[in-house]
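Let's walk through this structure together, from its strands to its cores. Have your viewer ready.

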Amino acid sequence: MEDYKEIRELLTPRRDIKASDELRQKVRMAIDRKRKNRRLKGWVFGGISLSAVAAVLLLVFIPSGMSAKEILSQAIEAMRNCENIEMVVDVRTRPVENFRYIGLDDEFVTHHIDIEASDSLLSWRVDKGERVAMSDGRDIYTWIPSVKLGLHLSNTENENVLGYMANLLVPRRILEAELQNCISNSNSNAEYTVSKSGSEIILTVYAAPQGSFDDPYLLNSSISESENVRRYVIDANSKELKSATVSVISGGREVDVLKVLSINYDSHSHNLSCPDEIKFVDTENQPVGLEGLSAEEAASAVLNAFTDWDEAILDRAIIHEVSDAAYREQFSGAKLISIGRSFTSGSGHSTFVPYTLKLRNGTVQRHNIALQQTDSGGWIVVGGL
């Protein structure tokens, strides 16, 4: 409660504010000007009639006379004491891909999320069918049931594993992040509108993609690395978050990529434990990496090592248990045909190297191997196979 005392004082109205006819006219004129100057503005306000909008950006008054900041503050308070939550979320992705990944052309995959908060610890489990992740409040475990192999990660943030979905683990944190942006205006690329429809308050947030996209390879591959519109539906009476959607703006249209289908705030307690049949590899014992090489040379070394399955090289760039369980059957005996020039894209720390590989069954695979450097400068493989 003390954490938000300053915010609540800041947001306490000093007087009753009502939009005059003159203000409404100015707002309409401002919206018209911005729509002419920026074509994206039309997408931000898509589905919200002009008569429902009383102002724009950081101070938007709805019929109740409340601003976006005030709505967010009350919603945060309403969800502060929620402990056990069940959530069903649909995401355009692939069942076996990492939780950060989205694909505009992919089908929706249903994610089942169970959350428990007790003794200042947040335990959770996210299951998308072919990939599962969970946390006991301290460490994170993620695994692929079909290969009975998983990773044990310590000293890492939930966001590193789940991306935007980490916000869903504590629904109020979605709103806390938006509130902080409203107050500090720290994210100049974010714009806010608020409207009211019956018993629902709709908060709409537009955000530009984060990262560098001189090469657009990772553009629209995650929510943060996309031009997106986030819509939050809040119950006007209880101020609880009812649902949320995220859309990516692509090709002049909005494509829904994430939909919170249901939230149960009175869920029963769950057994959030790791399955006994999964072998977990401790990622603190990561490979040393291939040192003294350029990204292209490291990629070439790894891909050439597939031909005779040279573990002396592979074990320096890929966790042994992972390469053995996930890659050996497919890539053993493969021959490298070509390597391209390395490039970077998005907001991460990966370097990508294009390659063409001929598998032992004659199939030709073209992709970009993803490499990262360790603290000592060695290259390790983090994706793209």
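In S16, Trp379 is the bridge partner of Gln373. Before going further, a word on the model: it is predicted, so local features need pLDDT of at least 70 and side-chain atom pairs count only at pLDDT 80 or more, while totals for chains, interfaces and linings use all residues. Residues are numbered from 1 along each chain as its sequence is written, and side-chain values use heavy atoms, with hydrogens and water left out.

Strand S15 (residues 364-373) pairs with S16 in the antiparallel sense over four bridges. Strands here are DSSP runs of E with at least two residues, helices are runs of H or I with at least four, and both are numbered from the N terminus; two strands pair if DSSP finds at least two bridges between them. The open sheet has four strands in the order S13-S14-S15-S16, with antiparallel pairing. Its edges are strand S13 (335-339) and strand S16 (379-383), each pairing on one side only.

Now look for helix H7 (residues 295-308), which lies across S13, strand S14 (351-358), S15 and S16 and runs at about 160° to S13. Such angles run from 0 to 180 degrees between N-to-C directions, with axes fitted to C-alpha atoms, for helices over the stretch in contact (heavy atoms within 4.5 Å).

Finally, turn to the largest nonpolar core, where Met87, Ile113, Leu162, Tyr232 and Leu258 touch the most other members among 52 residues. Helix H4 (residues 68-78) gives the most to this core, with five residues. A nonpolar core joins buried Ala, Val, Leu, Ile, Met, Phe, Trp, Tyr and Cys residues through side-chain atoms within 4.5 Å; buried means under 20% relative accessible area (1.4 Å probe, protein chains only). A second, separate core of 27 residues includes Leu314, Tyr327, Ala334 and Leu371.

Note on methods. Buried means under 20% relative accessible area, exposed over 50%, partly exposed in between (1.4 Å probe, protein chains only).
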